[in-house]
Amino acid sequence: MNSNLNDATRHVTLFHSPQTRSGGVLALLEELGADYELNVLNQKKGEQRGAAYLAINPMGKVPAIMHNGALVTEQSAVYLYLADLYPEAGISPQMGDALRGPYLRWLAFYGSCFEPAFVDKALKREPGSRHDALWHCRRCVEHRDGATRQRRLYAGQSVQCFGHVMG
């Protein structure tokens, strides 16, 4: 990959709305020194549900990025894509690195376990038949904190991208 950060082949458009998950993507783009264009959607005016944006992302969600005609949505997928687009930044393990598997696991864990547990807790949802939302939330935090203490989660600069997701 060409390491010239202003290379036109790496120009990205970020569809962003303030005070949403796309803020982490904006921070990541800045950290990467990426060549990007910001397309701000006003959620108070419902622009993310307008025909123009739904033609880009039918789910009407941010973050979303467009790169060379490829649309990437979903927070973890966007982080992965950008980290791979700028490998010289060294913020994620590359293919062949022993940390690549755990890195992908933790990115998936955030979206499939960690965040949903906190949403359930915040919305005071009734516990399901197998899991109490508060138990699930506590378990996710314990799992993350235990891995952090054992240095399996943040294994130095090679997984900085994950920090943007987990905060």
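Predicted model: local features only at pLDDT ≥ 70, side-chain atom pairs only at ≥ 80, totals over all residues.
Which residue forms a salt bridge with Asp84?

**View 1. Asp84 and Arg100 form a salt bridge.** The partner is Arg100, and the closest N and O atoms sit 3.2 Å apart. Asp84 belongs to helix H3 and Arg100 to helix H4, so this pair ties together parts 16 residues apart in sequence. Asp84 is partly exposed, at 31% relative accessible area, while Arg100, at 10%, counts as buried.

**View 2. Glu88 meets Arg10 in a salt bridge.** Here the N to O distance is 3.1 Å. Glu88 is in the loop between H3 and H4 and Arg10 in the segment before E1, so the contact ties together parts that are 78 residues apart in sequence. Arg10 has 0% relative accessibility and counts as buried; Glu88 is partly exposed at 36%.

**View 3. Lys61 and Glu74 pair up through their side chains.** This salt bridge spans 3.1 Å, N to O. Lys61 comes from the loop between helix H2 (51-54) and strand E3 (64-67), and Glu74 from the loop between strand E4 (70-73) and H3. Both count as partly exposed, Lys61 at 35% and Glu74 at 39%.

**View 4. The largest nonpolar core has 18 residues.** Among the members touching the most others are Val25, Leu29, Ile65 and Leu82. Strand E1 (12-16), helix H1 (22-32), helix H3 (75-85) and helix H4 (100-122) each give two or more residues, with H3 giving the most, 5 residues. Apart from this core lies another of 5 residues, including Phe15, Leu41, Tyr53 and Val62.

Terms used: Residues numbered from 1 in each chain as written. Heavy atoms only, no water. Core = buried A, V, L, I, M, F, W, Y, C linked by side-chain atoms within 4.5 Å. Buried < 20%, exposed > 50% of the residue type's maximum accessible area, 1.4 Å probe, protein only. Helix = DSSP H or I, 4+ residues; strand = E, 2+ residues; numbered from the N terminus. Salt bridge = Lys/Arg side-chain N within 4 Å of Asp/Glu carboxyl O.
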